[in-house]
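Open the model in your viewer and keep the selection tool at hand. The tour goes from one selection to the next.

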Amino acid sequence: MSRLLLICLAFACASVRAGETMSLSIYTDEWPPISFVENNEVKGMAVDLVNLIQHRLHQDQPVRLLPWARAYNFLLTQPNVLLFVLGRTAEREKLMTMVGPVASSTINLYCRKGEAEQLRGMGDKLLLQPLTAFRSSIFLAVAKQHGFQNITASSDPVQSALLLHANHVSLWSEGDSVVKSVMHKAGLPYEEIEILQPLEKINLYLAFSRGTKRATILLWEKTLRDIKHDGTFSKLYQHWLPGERPPMQIERLGIEP
């Protein structure tokens with residue numbers, strides 16, 4: 001193959017890469033330290049990761065932080081949407097393509113400090129206690145799967161923390177990796193809550209909407225693989241989540257793009 005042809009092919013691949021990734025609308029929600037707003041700037045572990053992937057793809061699409069339910073609706077109803085981070089469920093695998101994992105978390109039930117022993121003594125009646133988790137989240141879905149019935153869907157994790165603090169609910173379903181940061185953002189001391197019991201360990205993914213071009217998703221998958229392989233991902237993960245073990249495998253789940 002001639003040098004000129006190789007140059008033309010390389011240029012064409014670069015052009016495809018640029019065109020396809022530019023079309024993505026990128027959303028996340030308030031879930032510190034994974035993603036959050038500070039001084040009108042969207043920050044966090046997963047935000048840094050998404051921006052790094054874009055940098056390697058020579059793209060700079062803005063990350064917009066929206067309420068989770070609104071961003072999730074965009075993912076379900078519009079093509080060329082990337083939403084992060086998102087937990088895997090059987091239902092979601094029929095609706096989107098997930099690439100990752102980019103984080104992992106244990107979903108715990110939290111209660112107010114000093115109330116765990118009494119709540120554990122309720123047996124099956126615990127499932128009737130008022131519980132909160134944020135709307136359309138994996139944390140709400142897992143609570144339902146475990147049989148909890150009296151659920152108040154909050155708008156975001158900070159509201160969940162405030163509902164528990166104000167005694168409007170007895171239980172809060174949330175991921176362990178973010179609870180301290182959420183409590184801090186809510187202006188509450190972490191010491192006023194305790195773990196009642198773990199529910200489930202989950203991995204969290206980048207989610208691409210139905211209709212997103214296959215080549216775009218594969219480029220993001222390859223770049224994430226490269227970032228994990230060269231050690232950059234581990235350094236980024238430890239910066240934001242010191243002491244946590246980063247998930248190093250690569251999976252593509254859900255609908256085939």
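Predicted model: local features only at pLDDT ≥ 70, side-chain atom pairs only at ≥ 80, totals over all residues.

Residues are numbered from 1 along each chain as its sequence is written, and side-chain values use heavy atoms, with hydrogens and water left out.

Start with F84, L86, W172, L206 and W220. These have the most contacts inside the largest nonpolar core, which has 79 residues. Such a core is a set of buried Ala, Val, Leu, Ile, Met, Phe, Trp, Tyr and Cys residues joined through side-chain atoms within 4.5 Å; buried means under 20% relative accessible area with a 1.4 Å probe, protein chains only.

Next, select Y27 and F74. Their ring centres are 5.2 Å apart and their planes are at 35 degrees, so the pair is tilted. Rings of Phe, Tyr and Trp (its six-membered ring) pair if their centres lie within 6.5 Å; planes under 30 degrees apart count as stacked, over 60 as edge-to-face and the rest as tilted. Both Y27 and F74 are buried.

Now select Y110 and W172, another tilted pair, with 5.9 Å from centre to centre and 50 degrees between the planes. Y110 and W172 are both buried.

Then select W31, W68, Y72, F134 and F139, which form one aromatic cluster. In total, the structure holds nine aromatic pairs.

Finish at K228, whose charged end sits over the ring of F233, 4.9 Å from the ring centre (the criterion is NZ of Lys or CZ of Arg within 6 Å of the ring centre and within 35 degrees of the ring normal).

Conventions:
Buried < 20%, exposed > 50% of the residue type's maximum accessible area, 1.4 Å probe, protein only.
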